[in-house]
Amino acid sequence: LCSTGQNVFETLLAWTQPRRRSLRLIRNVHGEQHLRQAKAAGKGVLLATPHYGNWELLLQYMGEQGPLSVVYTPPDSRALDDFMHLARHTGQVQMVPAEAGGMRPLLRALQRGETLGITMDQQPKVGAGEFIPLYGIPALTLSLLVKLAQRTGAPVLFSYCERNPDGSFDVHIEADAPELRDPDTLAAMTVMNRRVQAV
């Protein structure tokens, strides 16, 4: 609960203070070479971001590295949705709602060689996922990341922004996960949930 409370306040700070000030909180970036290599492949980059650490700060960091589209679930409140767009949307960051027919803008972003961020550990609507074990419990799991990887061949990089004891953060970018492009969707999603657990 303490960590959740910290995250709420850190998110509000990331949303309301100048980006330059937020980005100064990042002390180290581990695995930056993986991002460079993935971009060089020319197929776009799928950034797999579990809800761990400060994903809002990670979004700001990635937005500084080039065009970034972020898949998100619009909140029920129109006012909150407008605020999230205002807080996250910049010239480099585009918000893409996770909804029917939303695949086309995502494919176009990857075709342009851009980075596409997906928090794959959120519960999808029925029909937009599969029941895959997570910590040994069958969980309705989002299939979008795997389907995009299969269809485009884009590299999949797991990334997260971890809080340090002194209040600074380290960004971690892991190497490409080719198993997520396995034609067997259930097998690929099983690997995906194992990677979420590992983070």
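Predicted model: local features only at pLDDT ≥ 70, side-chain atom pairs only at ≥ 80, totals over all residues.

Does R112 count as buried or exposed? At 53% relative accessibility, R112 counts as exposed, because the cut-off for that class is over 50%.

- Seven strands form an open sheet with mixed pairing, in the order β1-β9-β8-β2-β5-β3-β4.
- The edge strands of this sheet are β1 and β4, each of which pairs on one side only.
- From one strand to the next, the twist averages 25 degrees.
- Helix α5 (residues 78–88) lies across β3 and β4, and the helix runs at about 160 degrees to β3.

- Strand β3 comprises residues 68–72, and five of the five are buried, so the strand is largely enclosed by the rest of the structure.
- In a regular strand, side chains alternate between the two faces of the sheet.
- In β3, L68, V70 and Y72 point one way, while S69 and V71 point the other way, and all are buried.
- β3 pairs with strand β4 (residues 93–97) in the parallel sense, over five bridges.
- Within that pairing, P97 in β4 is the bridge partner of Y72.
- β3 also pairs in the parallel sense with strand β5 (residues 115–118), here over four bridges.
- In β5, T115 is the bridge partner of L68, and L116 is the bridge partner of S69.

- Strand β1 (residues 26–30) runs parallel to β9, and four bridges join the two.
- H172 in β9 is the bridge partner of H30.
- Strand β8 (residues 156–163) pairs with β9 in the antiparallel sense over five bridges.
- E162 stands opposite D170 in β9.
- The hairpin of β8 and β9 has five residues between the strands, and G167 in this hairpin takes a positive phi near 90 degrees.

**Salt bridges**

- The count of salt bridges comes to six; the pairs described here are among them.
- R112 and E114 meet through their side chains in a salt bridge of 2.8 Å, N to O.
- Salt bridges that share partners join R27, D166 and D170 into one network.
- Within this group, the side chains of R27 and D170 meet at 3.7 Å, N to O.
- That pair links distant parts of the chain, with R27 in strand β1 and D170 in strand β9, 143 residues apart.
- R27 counts as partly exposed because its relative accessibility is 46%, whereas D170 is buried, with a relative accessible area of 8%.
- A further salt bridge brings together the side chains of R163 and E10, at 2.9 Å, N to O.
- This pair also links distant parts of the chain, as R163 lies in strand β8 and E10 in helix α1, 153 residues apart.
- R163 counts as partly exposed at 25% relative accessibility, while E10 is buried, with a relative accessible area of 15%.

- Which residues form a nonpolar patch on the surface? V8, F9 and L12 do so, and together they have about 300 Å² of accessible area.
- V8 lies in helix α1, which spans residues 2–16.
- V8 counts as partly exposed because its relative accessibility is 46%.

Technical notes
Residues numbered from 1 in each chain as written. Heavy atoms only, no water. Patch = residues over 30% accessible without salt bridge, like charges linked within 9 Å, V, L, I, M, F, W, Y side chains within 5 Å. Areas by Shrake-Rupley, 256 points an atom, 1.4 Å probe, with all protein chains shown as cover. Salt bridge = Lys/Arg side-chain N within 4 Å of Asp/Glu carboxyl O. Buried < 20%, exposed > 50% of the residue type's maximum accessible area, 1.4 Å probe, protein only. Pairing = 2+ DSSP bridges. Axes fitted to C-alpha atoms, helices over the stretch in contact; angles between N-to-C directions. Contact = heavy atoms within 4.5 Å.
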